[in-house]
Amino acid sequence: MWHITKREIYDNLNSLRFALTTVLLLALMVTNAVRHLREHPKRVQRYRDAVTESLNHLTDRANDSLYTLAQYGPGNFYKKPSPLHFCANGGEPVLPDVVEVDEPPVFMTDAEGNRLLEGIWSLSYPDANLQNKDVGPNVSQVDWAFIIGYILSLIALWFTFDAFSGEREHGTLRLMLANSIPRHTVLIGKFLGALLSISIPFILAVLVNVLLISTANTVHLTTDAWGRLGIIFCLALLYTSLFVALGLLVSARVQQSAVSLMILLLTWVTFVVFMPSTLASIASSFSPATSFEEFWQQRHPSRKDLWDKYKAQLRSSELADRKLRAKSEFYTENAEREERRQEAQLKYRTSQVHRARAITSISPATLLQHLIEGFAGTGFERHLQFVDNTQRYARQLREFVADTDRADPESLHILGVREGMSKKPISPESVPRFEDTLNLSKDFNTAAVELLLLTLFVLVLLSGAYLAFVRVEV
Amino acid sequence: MLKILIRRELLDNLMTFRFAAVLLITLLLVVANTVVLIQDYEQRLKSYNDSVKRHQQELRNSKTYSTAFLFVNRAPNPLSIFNAGLDKRLGNYIGIYHGFMPTLWDARMHGTDNPFIAFFSSIDIVFVFEVILSLMGLIFAYDAIAGERERGTLRLVLAQPIGRGQILLAKYISTMACLLVPLILSLLFALLLLTRSMPLSTADFLRIAGIVLTSFAYLSVFYLIGLLISVATRRTGTALMLAMFIWGFLILVYPNLIRATVSPGGDIQARVKTAHNQIQQILNEYERERQKFLETEGIAGESSEFSKALGFYHQADVNPVTLTTYIENMSVISEIRPDFEKYVPVAKRYYNFVEPLAARTVEKAWRVRKQALEEIYVKQATTDRILLKLSPVGIYDAATQAWTGTDLSGLRDFFYAAQRYRKVVIDYLYAKDAFSSREWFVADKGAVDWRTLPAFTFQRSDVGTNAKRALPDLFLLLICNLVLFMAIVLIFIRSEV
């Protein structure tokens, strides 16, 4: 078997396609690295500036009083840019990178402009940013996901389309099978040979890419990032072996190598290029979308309903304490309703996207795209994790405010109302800080199904190739 | 003799497996995508209609002139099914208002779709053709000469009294005739589906004819590239391999690579800042004049009291990111207190002075803004497009976008129309003496009647204009064809058999 593998590799190393592949992959990977080095520092700088600004808000509010912090909340939350952005850009320009903290609403003011009835902060999730200012041509990013998903798969077909049909045409297949080698050994030898000879230029290109990126002092890769890179590399090999297996399957069944290449190309075009977009368009038309205007119009009845519920208590000039409590409940419930409404909208959209993802998973290219996005810490799943983090932090901060207020003996412990809360400034250092963290094991969990599906594809195609080759007459 | 050759080639091509496979795949992809795209178009059309209705309702609800929310909507282009271009990308409704002058970047989107799905990448028929036609051209061409040379039939043909150029011509004509079958057939199916669900005008059919013509030229370029490879190589295996490499490079790698390599030139932040400062100066000038008016009227000291009563609220604001300038005037007062009634004549004079001034100011600011935005966004896009045209895909895409009217100039037409409509609205306001009327800021003595306001209409540019925009690129494709054909003839004549 090793003989066959070795022979295949030697064969390939000397060929024109090997040289062309190396040049192509190197060019793509170098472009990718250069672009990343040019853009990533800017991205990080933008993130840092935004975070500093939002921390300043937090500090100002904490220095003012506990009440101000409870009313205005922290500053906006920003998504930390992934250092592995060069692996998959994951719809970055479209996905929002912020979860906003809404200013407290004002329901009523008196003649002097004093706020009689207001509210407290709530989280709001901005929609995808479709206000595209870019009028340039529509092209995809040259990231690893593109290089592996499109180029490497094409190269895999390019290396395998004549694996059997070519030898059959030359007559060397008979020669080989005349020796006492079982057919499955021939198949595995061919498979490994092709995979290894594709891996050589790919590894070379990846090394150059990673070398360029890691030696630049503007980008810092952590151990965690290196581990993720390793996983992505393994994914690339798995994905490539899928197309190698496909190439072997078709090549074993078809007599002429030209026909074999044509079938492969047409299959490739259908599954890799067209399937993802067509299926996504189909999936998006399944459920009606609520428009932006409709979403905002829902707010009005909700507020009216809330007002009806509390109006008697709020208007009553009974005990001041009771009125304050009613106010507090009103504020809190309004913020909760607002957040629930926002969350429901986000959930609805998320479920739509998940459905679209499930449908497009028929295409191995989308599977790979999702997997790489998942492990590179970009894309939609990452966005959901970020939203999750902000929600957790919001709860934490509210608890912190309640606890601090409880510690102040002068306060009435009625949260969210000026008269009912501690007005002492608190030290900004004691306020918990928001941290946008990524969890590798969580990424694994979300990716598990897709990973299994991809492996299954590979196994099915490999056994298909085996069956086809065993039965074929030489 | 030429006829015999053509007939032979035609039969050779038609009876092959590859012809059947290509025909099937093209039909399948085009029909499936057309169905999806029509659905998408209908959704967008519905959302457009809803939006128009809502905006009409909003206008009817506005009782005073100054609080009128006037919006114009951009209808989806039915030909965007062929090439979506910028049709789905740029915003599709825009506010029309004397204190605001729109540019290409100010339109907003009426929520049509789940925006999170939108980034899954979009597809259109031209994209299908871009990939499939080029593949078809190369698949049919790679063994045209090299194959015959291998089999030895080339010698046989050349032994006949026939010119080498004629052989090439015969091959070209017959294969292109074959390849036209999937192209035309799939388009016919697409048209059949289209005409069933949306009415297409004669002009649209002419535009589609233009697209077909361009597709034909594009297909021919790739066939000729394949033929060139076939003439230049000895073996079909090598020819096939090279053809596939060139296909992958031209279709997949080059267009994506070139945009990644070319970085936006110049300091954008600095450009934004200068424009921002210029606009701020224009706004300051406006504010000075406004204050001067208030002083000469002798109500400067009272203005806080005055403005509270009559909604004297002017906000001139520049957003540094988009450089948008709004000069807002929102006088939302239901009625005027009797003790403020004495201010009404002053308020009328005030608005009559300040509103035309605001309109002039935003026009001035618009000139600065437009120039800056063009430099920041359009210049880069134009460079990208020119570089893309080094690959036939770029030329084909640009030409078909021009035919469908979804290119930059096609969308600009809409914004020009919106700007013209703003003029119409301002003229209407002047004609009604709106600025100096009581209805400008308060509706207690009768609301504004909007029925006489001329409606906004927008016609897509006529076919002639589309053709004028598409022809340079079409010519470029044709020149590519000619150059390739000449190169092939030259190589073939000199080559030994």
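**Exercise 1.** Identify the residues that touch the most other members of the largest nonpolar core.

*Solution.* A nonpolar core is a set of buried Ala, Val, Leu, Ile, Met, Phe, Trp, Tyr and Cys residues joined through C-beta atoms within 7 Å; buried means that 20 or more other C-beta atoms, placed from the backbone, lie within 10 Å of the residue's own. The largest such core holds 153 residues, and those touching the most other members are Ile151(A), Ile232(A), Ala245(A) and Ile372(A). Helix α8 (residues 223–253) of chain A contributes the largest share, 15 residues; helices here are DSSP runs of H or I with at least four residues, strands runs of E with at least two, numbered from the N terminus. Another core, lying apart, has 47 residues, including Ile96(B) and Trp366(B).

The model is predicted: local features need pLDDT of at least 70 and side-chain atom pairs 80 or more, while totals for chains, interfaces and linings use all residues. Residues are numbered from 1 along each chain as written, with chains lettered from A and ligands numbered from 1 in written order.

**Exercise 2.** Which residues of strand β2 of chain B form its covered face?

*Solution.* In β2(B) (residues 93–96), Ile94(B) and Ile96(B) form the covered face, and Tyr93(B) and Gly95(B) the uncovered one. In a regular strand, side chains alternate between the two faces of the sheet.

**Exercise 3.** State which helix gives the most to the side of chain A that touches chain B.

*Solution.* The contact (C-beta atoms, placed from the backbone, within 7 Å) takes 57 residues from chain A and 62 from chain B. On the chain A side, α9(A) gives the most, 18 residues.

Conventions: Buried ≥ 20, exposed ≤ 12 C-beta atoms within 10 Å, placed from the backbone. Contact = placed C-beta atoms within 7 Å.
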